[in-house]
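The following questions and answers examine a single protein chain. Please consider the sequence and the structure together.

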Amino acid sequence: PLDWHTILESVKKTNRLVIVEEQWPMCSVSSEIAYRIQKEAFDYLDAPIRRITAADAPLHYAPNLVEAALPSIGRTVKLVKEVMYANK
């Protein structure tokens, strides 16, 4: 079970939502969280909801391809800066 109250209060406090998960983007937990937040807290959002998910493709066995397909720290930091409207 998800703690919806905590997620909602966080959005009310920060006015933003970035979701990071290692699932495919379609029919994932992040898509449900995004739906629920836009439904219940849309007026609090100052930026679009953004998600970082695995690539929408079967996961490879080669380590370099797995690394490219899954969320990374660099991609996460870049996306958070975009949502915060920070250039660098």
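Q: Leaving aside its neighbours within four places in sequence, with which residues is Val20 in contact?
A: Contact means heavy atoms within 4.5 Å. Once the neighbours within four places in sequence are left aside, the residues in contact with Val20 are Ile52, Pro71 and Thr76.

Q: On what kind of model do these values rest, and how are its residues numbered?
A: This is a predicted model, in which local features need pLDDT of at least 70, side-chain atom pairs count only at pLDDT 80 or more, and totals for chains, interfaces and linings use all residues. Side-chain values use heavy atoms, with hydrogens and water left out, and residues are numbered from 1 along each chain as its sequence is written.

Q: In which strand does Val20 lie?
A: Helices (H or I, at least four residues) and strands (E, at least two) are DSSP runs, numbered from the N terminus. The strand that holds Val20 covers residues 18–20 and is β1.

Q: Is Val20 buried, exposed or partly exposed?
A: Buried means under 20% relative accessible area, exposed over 50%, and partly exposed in between (1.4 Å probe, protein chains only). Val20 has a relative accessible area of 42%, so this residue is partly exposed.

Q: How far apart in space are Val20 and His60, C-alpha to C-alpha?
A: In sequence, Val20 and His60 are 40 residues apart. In space, their C-alpha to C-alpha distance is 20 Å.

Q: In what order do the elements of the protein chain run from the N terminus on?
A: The secondary structure comes to four helices and two strands. Read from the N terminus, their order is α-β-α-β-α-α.

Q: Among contacts between residues at least 6 apart in sequence, what percentage joins residues at least 24 apart?
A: The C-alpha atoms of the chain fill a box of roughly 45 × 35 × 15 Å along the principal axes. Of the contacts between residues at least 6 apart in sequence, the share that joins residues at least 24 apart is 67%.

Q: What percentage of the 88 residues is buried?
A: The count covers the protein chain with its 88 residues. Buried residues make up 26%.

Q: How many salt bridges does a search of the whole structure find?
A: Side chains of opposite charge can pair when their charged atoms come close. A salt bridge is a side-chain nitrogen of Lys or Arg within 4 Å of a carboxyl oxygen of Asp or Glu. By that criterion, the number found in the whole structure is three.

Q: Which residue forms a salt bridge with Lys12?
A: The closest N and O atoms of this pair are 3.7 Å apart. Lys12 is partly exposed at 31%, and the partner is Glu9.

Q: In which helix do Arg36 and Glu40 both lie?
A: The side chains of Arg36 and Glu40 meet in a salt bridge, at 2.8 Å from N to O. Arg36 is partly exposed, with a relative accessible area of 26%, and Glu40 is partly exposed at 41%. The two residues are four apart, about one turn of the helix, and this helix, residues 29–41, is α2.

Q: Which residue forms a salt bridge with Arg50?
A: The closest N and O atoms are 3.4 Å apart in the salt bridge between Arg50 and Glu82. The pair links distant parts of the chain, 32 residues apart, with Arg50 in strand β2 (residues 50–52) and Glu82 in helix α4 (residues 73–83). Arg50 is partly exposed at 32% relative accessibility, and the residue that pairs with Arg50 is Glu82.
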